[in-house]
Amino acid sequence: QVQLVESGGGLVQAGGSLRLSCAFSGRTFSSYAMGWFRQTPGKEREFVAAISWSGTTAYYADSVKGRFTLPRDNAKNILYLQMNSLKPEDTAVYYCAARLSNSGSYYYIDGSDYTFWGQGTQVTVSS
């Protein structure tokens, strides 16, 4: 069974940076495509970014493109979300997700495509 544990959330001022981590265990990390989603109270879960298992392809929501990156370390079984130039509207609980993937170039942007989810980490950006 895959387990995902997010960490790195916190309070930061607008314009600042945070790096979230998602520790993967239970299966072979390099066989799983990964993604980050976020959710605020009363709103639908929102796609943030996704990456193929090989790390060669990634996709970002327009709202974070150019500010967030998605490094993954297959040797350490960790997915990161590097968040720069943070804005108050980035405030949310951030979740990482995983799904088994046969293709090293596929990423998935629909939450229903993912099998496993972490418990989430809160990010709060003050203005």
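Biologist: Ser85 first. Is that residue buried, exposed or partly exposed, and what is its relative accessible area?
Modeller: This is a predicted model. In it, Ser85 has a relative accessible area of 40%. Buried means under 20% and exposed means over 50%, so Ser85 counts as partly exposed.

Biologist: Where does Ser85 lie?
Modeller: In the loop between strand 9 and strand 10.

Biologist: And what is the phi of Ser85 near?
Modeller: Near 50 degrees. That is a positive value, and Ser85 is not a glycine.

Biologist: Why point that out?
Modeller: Because most residues other than glycine have a negative phi.

Biologist: What about Asn77, what is its phi near?
Modeller: Phi of Asn77 is near 60 degrees, again positive in a residue other than glycine. Asn77 sits in the loop between strand 8 (72–73) and strand 9. Its relative accessible area is 26%, so Asn77 is partly exposed.

Biologist: New topic. How many disulfides does the count come to?
Modeller: One. Cys22 and Cys96 form it, with their sulfur atoms 2.0 Å apart.

Biologist: Which parts does the pair tie together?
Modeller: Cys22 is in strand 3 and Cys96 is in strand 10, so the link joins parts that are 74 residues apart in sequence.

Biologist: Is the link right-handed or left-handed?
Modeller: Right-handed, with 55 degrees about the S-S bond.

Biologist: Are the two cysteines buried or exposed?
Modeller: Cys22 and Cys96 are both buried.

Biologist: On to the core. Which residues touch the most other members?
Modeller: The largest nonpolar core has 37 residues. Leu4, Met34, Trp36, Leu81, Met83 and Tyr94 touch the most other members.

Biologist: Which elements give two or more residues to this core?
Modeller: Strand 3 (18–25), strand 4 (32–39), strand 5 (46–51), strand 9 (78–83), strand 10 and strand 12 (121–126).

Biologist: Take Leu4. Leaving aside neighbours within four places in sequence, what is Leu4 in contact with?
Modeller: Its contacts include Cys22 and Cys96, the two partners of the disulfide. Also among them are Phe24, Met34, Phe116 and Trp117.

Biologist: Now the surface. Which residues make the nonpolar patch there?
Modeller: Tyr59, Tyr107 and Ile109 make a patch of about 250 Å².

Biologist: Where is Tyr107 found?
Modeller: In the loop between strand 10 (92–100) and strand 11 (116–117).

Biologist: And how is Tyr107 classed, buried or partly exposed?
Modeller: Partly exposed, at a relative accessible area of 32%. Patch residues need over 30%, so Tyr107 passes that cut-off.

Definitions and conventions. Residues numbered from 1 in each chain as written. Predicted model: local features only at pLDDT ≥ 70, side-chain atom pairs only at ≥ 80, totals over all residues. Heavy atoms only, no water. Patch = residues over 30% accessible without salt bridge, like charges linked within 9 Å, V, L, I, M, F, W, Y side chains within 5 Å. Areas by Shrake-Rupley, 256 points an atom, 1.4 Å probe, with all protein chains shown as cover. Salt bridge = Lys/Arg side-chain N within 4 Å of Asp/Glu carboxyl O. Helix = DSSP H or I, 4+ residues; strand = E, 2+ residues; numbered from the N terminus. Buried < 20%, exposed > 50% of the residue type's maximum accessible area, 1.4 Å probe, protein only. Core = buried A, V, L, I, M, F, W, Y, C linked by side-chain atoms within 4.5 Å. Contact = heavy atoms within 4.5 Å. Disulfide = S-S within 2.5 Å.
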